[in-house]
Amino acid sequence: MTDRGAGEPVLLITGWTISSAVFDPVADLYLPHVRVVAYDHRGAGRSAPWPAPVSMAMLAADAARVLDDRGIGSAHVAGLSMGAAVALELAIRMPHRVKSLVLIGGGAGGPAAPRAGVRAVAGTFGTVLSDSLRHRHAWPAAALFSTRFRDERPDKVAQYMPYFARHRAPPWMTGWQLLAAACFGRRGSLDRVRSPTLVLHGGNDVMAPVAGAHLLADGIPGAELHVVPEAGHAVPLEQPAESAQLLLDWVRRHAGTEPPTPRRLDVIGERLTRPFCLQAGTLRNTWDAAAAAASRLGCR
């Protein structure tokens, strides 16, 4: 758990299998201006072991629990990669906890989510494999950073990569988080987001194509989209100064935002439905896939 700085609280939510140590190299850019709170997902990183499946709803409830533990009623919530899905789920299920929302390298999930082309995926996988063999341990830089950044700033890549390896999730939790991501689909719920939302994305992101960012910005009422043209997936690390300035300006703009007061029935409904979110997400995604297939067949 990280809780440093003073001012408006900013909750940072990390991504798939990665501990919140990934934010450490750039934390000092934020600390003079805001209160930074970061944590590791349940069963991963420095959190207590967890042997069972998880869902995005459970991880969102964990985020709310982190705020409770720090005495924070609501915060500006920024999620990176899978953390963006957790942040989005939190904004949908518990809007009273979110003063504003920043979705970085994320997407709405589901079978209709934009995917990178086969050639791009194969090329990235091949580079990751060859780099890992050359370094003699996992080296997923090609999936995280743009080609230009890796070519021009190999020193920075070498500085950042150890942070991705710190406190990694155990194999079973890697699988559970992957299942949670596979069962996550919120494309049809984006209009329920009431928090001011900034969508931040790298234009050369090979893990989450930029089309997904446009989908988020188009679906969330009033959302603002900022694409960093030549950045990859890990935008806050590849473009630290620009990313920090964007987030800090965003927080200043929305410092006075008051989230809606929760209705008792909504709070009860959230708690009652939370245990069934993997199943509900599977049903949503199955329905969306069937509808998309029917639409394609109808067009032929």
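Hi everyone, let me start with α11, which supplies five residues to the lining of the second largest pocket, the largest share of any element. Helices here are DSSP runs of H or I with at least four residues, numbered from the N terminus.

Before going on, please note that this is a predicted model, where local features need pLDDT of at least 70 and side-chain atom pairs count only at pLDDT 80 or more, while totals for chains, interfaces and linings use all residues. Residues are numbered from 1 along each chain as its sequence is written, and side-chain values use heavy atoms, with hydrogens and water left out.

What do I mean by a pocket? On a 1 Å grid over the protein atoms alone, a pocket is an open set of points where a 1.4 Å probe fits, with protein on both sides within 12 Å along at least five of seven lines; lining residues have an atom within 4 Å of a point.

Back to our second largest pocket: 27 residues line it, and R93, M94, P95, D266 and E270 lie nearest its centre. Besides α11 (264-273), α1 (56-69), α2 and α12 (277-299) each give two or more residues. Its lining has 13 charged, eleven nonpolar and three polar residues. Charged means Asp, Glu, Lys and Arg; nonpolar means Ala, Val, Leu, Ile, Met, Phe, Trp, Tyr, Cys and Pro; the others, Gly among them, are polar.

Now, how is the largest pocket lined, by class? There we find 29 nonpolar, 13 polar and two charged residues. The lining has 44 residues, with W16, S81, M82, M207 and H233 nearest the centre. Here α7 gives the most, three residues.
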